[in-house]
Amino acid sequence: MKFFKKLADNSFQAVDDPKEADWLHYQLPDEVVIQELVNEYSLPEDFITSGLDRYEIPRYEVIENKSGHKIHLLLLLTPIRNQIVEVGKEYLTEPLSIIIFPDKVLTVSPHTPKLIDDIANNRPHKSDKNLLHGQAKDNHLVLRILWRLMNDYIEKIAEINIQIEQLESNIHDTTKNEMFDQLISIHKSLVYFHTAINKNHDKILQIKSIDLIGNEMLNKEFLHDIEVVSSQALVLVDESDEMISHLSEVFSNVISNNMNYIMKFLTALTVVLTIPQLIGSIWGMNVGLPLEHNPFGFSILIIATVLITILTIKWLKNKDFF
């Protein structure tokens, strides 16, 4: 667990006392901590546990506590690297539960996303220069998280596109198992991303119609910027999905073509090897045969066999069997 206090310049400073904090982050809290948070802030338990269930989907809820104050839950999906996969990069998604009180924000996740660390440690992001209005650090914490989150998806999709381009250029040289494993990883990542980005985008559109971020013009402009980036992520993930589908088709065609070539080659090789076997079988019979009394009969048969074999190979090569 980590606690942060917002300073006058809108940066964050780590503090030890949660009562002094404007932002509380919990990574995989245990049952004891969950019950403490439920009792301390009069929260439904699922506000916290939903942020720990990797099968949750983005959603928005609002309740009123005993004091009549509204408590908002914004559940989002964040991208994470699948560390089990060694070849290429495979991504999964994990929930991030954002609980907004009138005076503070509480976040819960199974692992602490990099974007949370960056915001908490006041590390600027290269995407900040792309803002159409204002500065990310001057806005509501929820908007900062959304901004970093959607830009994080765009970065990950760009990495996936680089993998796709590499596969396209090496499709004839890469070993088949490696190619197949990478295709599976990329497709799996895009499936997770497609669901997460679409559902996250729905929540971004939803919070535009509520008072979650206040009525400040700068916040509204920032939310517009986030919506633009989210729409861009939607387009990129659809394009990447089409590209990987196309690459899968190409890969299947290459495998099929290689298999046809191998079968054609083996068929032609069988025909060629049958010639000496057939001639040897005929002249190995215990019956009267041409050249059996000729002292050069064996040499003549060998030469004839070689010539017939060479002519057969040339004919098959002209027919594109070799």
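I began with the residues where two helices touch, and I noted that Ala268, Val271, Val272, Ile275, Pro276 and Ile279 in α6 meet Leu301, Thr305, Ile308, Thr309, Thr312, Ile313 and Leu316 in α7. I keep in mind that the model is predicted.

Next I looked up how the two helices lie: α6 covers residues 217-282 and α7 covers residues 297-318, and they pack at an angle of about 160° with their axes 10 Å apart.

I then turned to the aromatic rings, for which the count comes to seven aromatic pairs. One of them is the pair of Tyr41 and Phe101, which is tilted, with 5.1 Å centre to centre and 40° between the planes. Tyr41 lies in helix α1 and Phe101 in the loop between β6 and β7, so I wrote that this pair ties together parts that are 60 residues apart in sequence. I found both Tyr41 and Phe101 to be buried.

The pair of Tyr153 and Phe193 is edge-to-face, with 5.2 Å centre to centre and 90° between the planes. Because Tyr153 sits in helix α4 (residues 141-169) and Phe193 in helix α5 (residues 176-207), the pair ties together parts that are 40 residues apart in sequence. Tyr153 is buried, and I noted that Phe193 is buried too.

My last entry is a cluster, in which ring pairs link Phe4, Phe12 and Trp23.

Notes: Residues are numbered from 1 along each chain as its sequence is written. This is a predicted model: local features need pLDDT of at least 70, side-chain atom pairs count only at pLDDT 80 or more; totals for chains, interfaces and linings use all residues. Side-chain values use heavy atoms; hydrogens and water are left out. Axes are lines fitted to C-alpha atoms, for helices over the stretch in contact, and angles run from 0 to 180 degrees between N-to-C directions. Helices (H or I, at least four residues) and strands (E, at least two) are DSSP runs, numbered from the N terminus. Contact means heavy atoms within 4.5 Å. Rings of Phe, Tyr and Trp (its six-membered ring) pair if their centres lie within 6.5 Å; planes under 30 degrees apart count as stacked, over 60 as edge-to-face and the rest as tilted. Buried means under 20% relative accessible area, exposed over 50%, partly exposed in between (1.4 Å probe, protein chains only).
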